[in-house]
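Hello,

Here is the structure I promised to pass on. My notes follow below.

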Amino acid sequence: MGLERIVGQRRAFINLTRDFFTELPPIPFEREQVVLEVLEVLEDIETDHQLVENIAQLAGQGYLLALDDFEFEEKWDQLLPLVQIIKVEIPAVDLAQLPRKVYRLRKYGVRLLAEKVETQAEYQALHDMGFDYFQGYYFSRPQIVHGRRITENQAVTLRLLTRLSDKNVSTEELVELISHDPGLSFKILRYLNSAAVGLHCRIASIRQAIIYLGLERLRAWSVLAAMAGVRDKPLEILRTALVRSHMCKALVATADPEQAEMAFATGLLSILELLMDRPLKELILQLPLAKPISQAILRHEGVCGEALGCAIAVEQHDWPNIRFTGLDQDAIQEIFLQSSEQAFREQTALTD
């Protein structure tokens with residue numbers, strides 16, 4: 001299917017079996033595309049010299065190697081000079097003891113990847129410890145902290161989203177609203193003129209953007225740019241929003257093309273609780289959204305809600321719920337791949 005459709009210009013982590021490291025078959029990917037994971041392949045590392053030699057051979061060929069489910073046992077030390085990434089399953093370790101254990105690895109120059117990160121507190125603690133990469137439900141399923149105050153940056157963004165989401169806002173007001181924020185204006189114009197969007201003419205002003213794109217489309221891009229401006233949040237959250245929005249739009253376009261733009265907004269706004277650290281219902285009720293959008297986000301109702309439920313199921317590998325009226329799973333997977341491709345291009349345009 002093409003790795004670049006799933007990971008863009010980034011690398012794919014691939015779990016490999018013991019037989020792979022024993023036999024070393026040809027690898028059908030470029031070295032720059034993959035990280036090869038050593039996953040429980042060494043039952044007795046002290047007597048497994050051939051496996052160690054083969055892993056050293058791969059390292060010598062320029063492949064990036066990762067040790068998965070690392071348990072900080074000294075028997076793995078002979079592999080540490082050969083690998084570049086250590087993956088630590090967070091629920092399996094004592095966070096209080098982790099800084100001491102991590103310190104020992106620093107002399108090897110490895111990068112640290114935390115798996116199964118589920119809360120903002122875990123992410124922040126691991127980030128402060130010096131972990132480089134993160135995986136886990138925190139990036140798609142939020143830990144809501146009731147009573148927590150949103151930051152000023154989040155509050156400004158929420159106020160902006162409130163006006164952008166108002167169906168009664170006039171063209172003139174929208175132009176003034178966006179133009180009043182130089183940073184947002186710059187980001188929107190840079191994004192609209194990027195290769196990711198692929199417009200056939202250069203957009204020089206917000207007013208021209210509305211004329212060329214239409215009010216609804218510009219509203220959606222403005223929401224996207226505003227969300228990208230929230231500080232202290234992992235960029236992966238933005239990519240999740242991009243994949244959801246494009247996937248919702250593409251799914252709905254097969255059933256009811258007139259609601260495709262509404263589906264795009266549904267996907268974008270469904271990620272708000274991850275950006276604002278507040279319950280989704282509370283946030284959605286603050287926005288003057290059209291009823292079909294709010295019901296789609298909160299209850300997965302209507303065709304937009306069905307599309308959002310399908311997109312979330314794909315994120316979470318919830319196979320029984322990856323379904324959409326009129327499409328089989330192969331068609332849904334192709335839509336996901338196309339959405340993922342587009343998300344990588346747009347994320348680069350929004351954040352570079």
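How much space lies in the largest pocket? About 2,000 Å³. A pocket here is an open set of points on a 1 Å grid over the protein atoms alone, where a 1.4 Å probe fits, with protein on both sides within 12 Å along at least five of seven lines; lining residues have an atom within 4 Å of a point. The volume is the space filled by probe spheres set on the points, which are joined across faces, edges and corners.

This is a predicted model: local features need pLDDT of at least 70, side-chain atom pairs count only at pLDDT 80 or more, and totals for chains, interfaces and linings use all residues. Residues are numbered from 1 along each chain as its sequence is written, and side-chain values use heavy atoms, leaving out hydrogens and water.

Back to the pocket. Helix α17 (residues 329-351) gives the largest share of the lining, eight residues.

Now the chain. It has 17 helices and six strands. These are DSSP runs, numbered from the N terminus: helices are H or I, at least four residues, and strands are E, at least two. Of its 352 residues, 48% are buried (under 20% relative accessible area, 1.4 Å probe, protein chains only).

Glutamine 120 is 154 residues away from leucine 274 in sequence, but 9.5 Å away in space, C-alpha to C-alpha.

Best wishes

Note on methods
Buried means under 20% relative accessible area, exposed over 50%, partly exposed in between (1.4 Å probe, protein chains only).
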